[in-house]
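Biologist: I would like to learn how to read side-chain features in a model. Please take me through some cases one by one.

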Amino acid sequence: MMVLGNYNQPHIDEVLEGLHVLFRDPDLRAAKLAVALQHLQNWIGSNPVPAVAFAAHHAQDAAVAVTWLSWIAQFWRQLQSHVRTLAVAAADRSDLRETALSSLLAQQILDGNDTTTWKHAASPWDKVAPNQQASLLAAADGRCSDLAERADEATHAILNDALDLAGAEQLPALLELIADSRQFIEAVCAHVQEHLADRDWDGARMASIVTAVADSPSV
């Protein structure tokens, strides 16, 4: 581990990659990850991105302290896309609220190509802004059933925004996701009322929404 104290060491990238492989062993990770991060902390002042990327690989682990989560948020734009995807697992952490990382993780779920990240989509819900909450609902497309519980907590304005954001292919899954929400009827009524005067009124879309209301357990 001492080699990690100097980022100018030869083959340091290979060393970091080797540690990722070794830390797939949960016992070894539990024993040594915190030690490795302690050494990597010395990089923050001079060469932060490789150190932060290493921490992001293991962001869900409690050994990655809140300080590291804050650094991940700080250097987020400089991390490679696949590293950001790995960091999404940190969305399940209870201490995420202490950082600026929640909205970044939610956006990675929305923008990334890895559909497995959607299993974490409900976790940052109460730590992100209403516009991201609406986006998560609209884009879920059946990939996170846990969002139904979040939808039940949502205001009718958030549900209405989700209806606005959902494309034709996403709409059926969204309607199914939010059908049990206590604000579902109010949201749909507001949505239909807003679009009654639209010149580009989509009759088929509105018909499917109204039908969902008729079938909803909330009725």
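Biologist: Is D152 buried, exposed or partly exposed?

Modeller: This is a predicted model. The general idea is that a residue is called buried under 20% relative accessible area and exposed over 50%, with partly exposed in between. D152 has 25% relative accessibility, so D152 counts as partly exposed.

Biologist: Which residue forms a salt bridge with D152?

Modeller: R182 does, and the closest N and O atoms of the two are 3.3 Å apart. The cut-off for such a pair is 4 Å between a side-chain nitrogen of Lys or Arg and a carboxyl oxygen of Asp or Glu. The bridge links distant parts of the chain: D152 sits in helix 8 (residues 147-153), while R182 is in the loop between helix 10 (171-178) and helix 11 (184-195), 30 residues apart. R182 is exposed, because its relative accessible area is 64%.

Biologist: How many salt bridges does the structure hold?

Modeller: Six. One of them joins D126 and R97, with the closest N and O atoms 3.1 Å apart. D126 lies in the loop between helix 6 and helix 7 (130-139), and R97 in the loop between helix 5 (81-87) and helix 6; the two are 29 residues apart, so to read this bridge is to read a link between distant parts of the chain.

Biologist: How exposed are D126 and R97?

Modeller: D126 is partly exposed, with a relative accessible area of 40%. R97 is exposed, at 53%.

Biologist: Which residues are linked with R97 in a network of salt bridges?

Modeller: D126 and K127 are linked with R97 in that network.

Biologist: Are D95 and R93, which also meet in a salt bridge, buried or exposed?

Modeller: D95 has 18% relative accessibility and therefore counts as buried. R93, at 9%, counts as buried too. Their side chains meet with an N to O distance of 2.9 Å.

Biologist: Let us turn to rings. How many aromatic pairs are there?

Modeller: Ring centres must lie within 6.5 Å to pair, and planes over 60 degrees apart count as edge-to-face. By this rule there are two aromatic pairs. In one, the ring centres of F23 and F54 are 6.3 Å apart and the planes stand at 70°, so the pair is edge-to-face.

Biologist: Where do F23 and F54 lie?

Modeller: F23 is in the loop between helix 1 (12-22) and helix 2 (26-40), and F54 is in helix 3 (residues 48-57), so the pair ties together parts that are 31 residues apart in sequence. Both F23 and F54 are buried.

Biologist: What is the geometry of the W68 and W71 rings?

Modeller: Their centres are 5.0 Å apart and their planes are at 85°, so this pair is edge-to-face. W68 and W71 both lie in helix 4 (residues 66-74), three residues apart, which is about one turn of the helix. W68 and W71 are buried.

Biologist: One last residue. Where does Q108 lie, and is Q108 buried or exposed?

Modeller: Q108 lies in helix 6 (residues 102-111). Its relative accessibility is 7%, so Q108 counts as buried.

Biologist: With which side chain does the side chain of Q108 make a polar contact?

Modeller: With that of T85, at 3.2 Å. Leaving aside neighbours within four places in sequence, Q108 is in contact with W76, S81, R84, T85 and V88.

Technical notes: Residues are numbered from 1 along each chain as its sequence is written. This is a predicted model: local features need pLDDT of at least 70, side-chain atom pairs count only at pLDDT 80 or more; totals for chains, interfaces and linings use all residues. Side-chain values use heavy atoms; hydrogens and water are left out. Helices (H or I, at least four residues) and strands (E, at least two) are DSSP runs, numbered from the N terminus. Buried means under 20% relative accessible area, exposed over 50%, partly exposed in between (1.4 Å probe, protein chains only). A polar contact is a pair of N or O atoms within 3.5 Å; within protein, one must be able to donate a hydrogen and the other to accept it, and residues adjacent in sequence count only if both atoms are side-chain atoms. Contact means heavy atoms within 4.5 Å. Rings of Phe, Tyr and Trp (its six-membered ring) pair if their centres lie within 6.5 Å; planes under 30 degrees apart count as stacked, over 60 as edge-to-face and the rest as tilted.
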